[in-house]
Amino acid sequence: MSEYANPGSLVSTDWLADHLQDPDLRVLDVDEDTDAYHRGHIPGSLGVHWRQDLQAPVNRDFVSPEGFAALMDRLGIGPDTRVVLYGGNKNWFAAYGYWYFKYYGHPNVQLLNGGRRKWELEGRPLVTEVPQVAPGTGYPIPNEDESIRAYRDQIATEFLGRPGKSLVDVRSPEEYRGERISPDHLPQEGAQRPGHIPGARNVPWSRAVDPEQETFLPPDQLRDLYLTEGVDPAHEVVAYCRIGERSAHTWFVLRELLGYPRVRNYDGSWTEWGSLVKAPIER
């Protein structure tokens with residue numbers, strides 16, 4: 001069995017349990033369920049609210065580079081701090097956090113393989129106490145890495161019907177076929193129209209993880225999963241979902257675990273595309 005392309009992008013539960021006291025480590029809980037942190041979290045970890053902390057309050061965009069630097073200072077994270085992210089539901093929002101940290105160029109960020117699920121299955125402790133950390137002093141204002149983010153105009157002009165390009169729709173088959181607009185557990189709202197971007201291949205994001213342990217599949221299985229659907233490593237690839245969190249998970253798999261060299265996440269995703277006037281849609 002081959003290894004992951006970037007094995008350093010993951011840490012195991014064993015490793016994390018042995019290193020929770022490391023002074024240069026900051027563990028962050030990032031979850032769709034933003035109350036999950038307060039019900040129980042890995043000792044020493046801090047909660048990050050994916051909307052309030054990572055999203056701009058008015059525009060549909062990230063916080064500014066200055067806002068990211070201020071967030072790092074509040075979390076006690078310096079430019080050399082090792083950051084480990086984890087969450088529930090197969091790490092989907094934790095993977096979004098990972099992609100977000102990479103977009104702002106933080107050099108040392110990792111995902112906990114298996115996330116909260118594996119930690120709990122192994123009977124490891126969860127606590128409700130919120131740790132007190134010393135704030136940072138002057139995290140440098142970062143540059144954005146636009147090479148890993150896609151925008152609607154790029155999709156329309158560079159990807160539709162173009163050779164050497166792959167669009168990966170990572171939503172459920174029902175969303176892809178236009179039978180639903182959102183995942184089953186969410187209100188059926190967001191985009192004005194259901195369907196998928198023409199030419200996109202449907203590879204649901206959750207197929208990349210073990211359904212019980214919620215750890216990532218071995219490299220050979222992951223490679224077969226995407227090659228079978230025609231997602232070629234030689235292509236420029238864009239992943240999308242509904243708002244960008246599930247597709248960030250697929251971005252992580254393709255970029256960090258399989259080593260695809262040119263992968264972007266379209267975080268505007270179907271909420272944006274499905275509401276664009278005259279945008280082409282398939283069902």
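Predicted model: local features only at pLDDT ≥ 70, side-chain atom pairs only at ≥ 80, totals over all residues.

Tutor: Residues are numbered from 1 along each chain as its sequence is written, and side-chain values use heavy atoms, with hydrogens and water left out.

Student: How much space lies in the largest pocket?
Tutor: A pocket is an open set of points on a 1 Å grid over the protein atoms alone, where a 1.4 Å probe fits, with protein on both sides within 12 Å along at least five of seven lines. Points are joined across faces, edges and corners, and the volume is the space filled by probe spheres set on them. For the largest pocket this comes to about 650 Å³.

Student: Which residues that line the largest pocket are the closest to its centre?
Tutor: Lining residues have an atom within 4 Å of a point. There are 30 of them here, and the closest to the centre are Trp50, Arg51, Gln55, Arg60 and Ile243.

Student: Which element gives the largest share of that lining?
Tutor: Helices are DSSP runs of H or I with at least four residues, and strands are E runs of at least two, numbered from the N terminus. Two helices give two or more residues, H4 (92–103) and H10 (269–273). The largest share, 3 residues, comes from H4.

Student: And which element gives the largest share of the lining of the second largest pocket?
Tutor: This pocket holds about 240 Å³ and is lined by 14 residues, including Tyr37 and His38. Helix H2 (36–39) and strand S3 (46–48) each give two or more residues. The largest share, 3 residues, is from S3.
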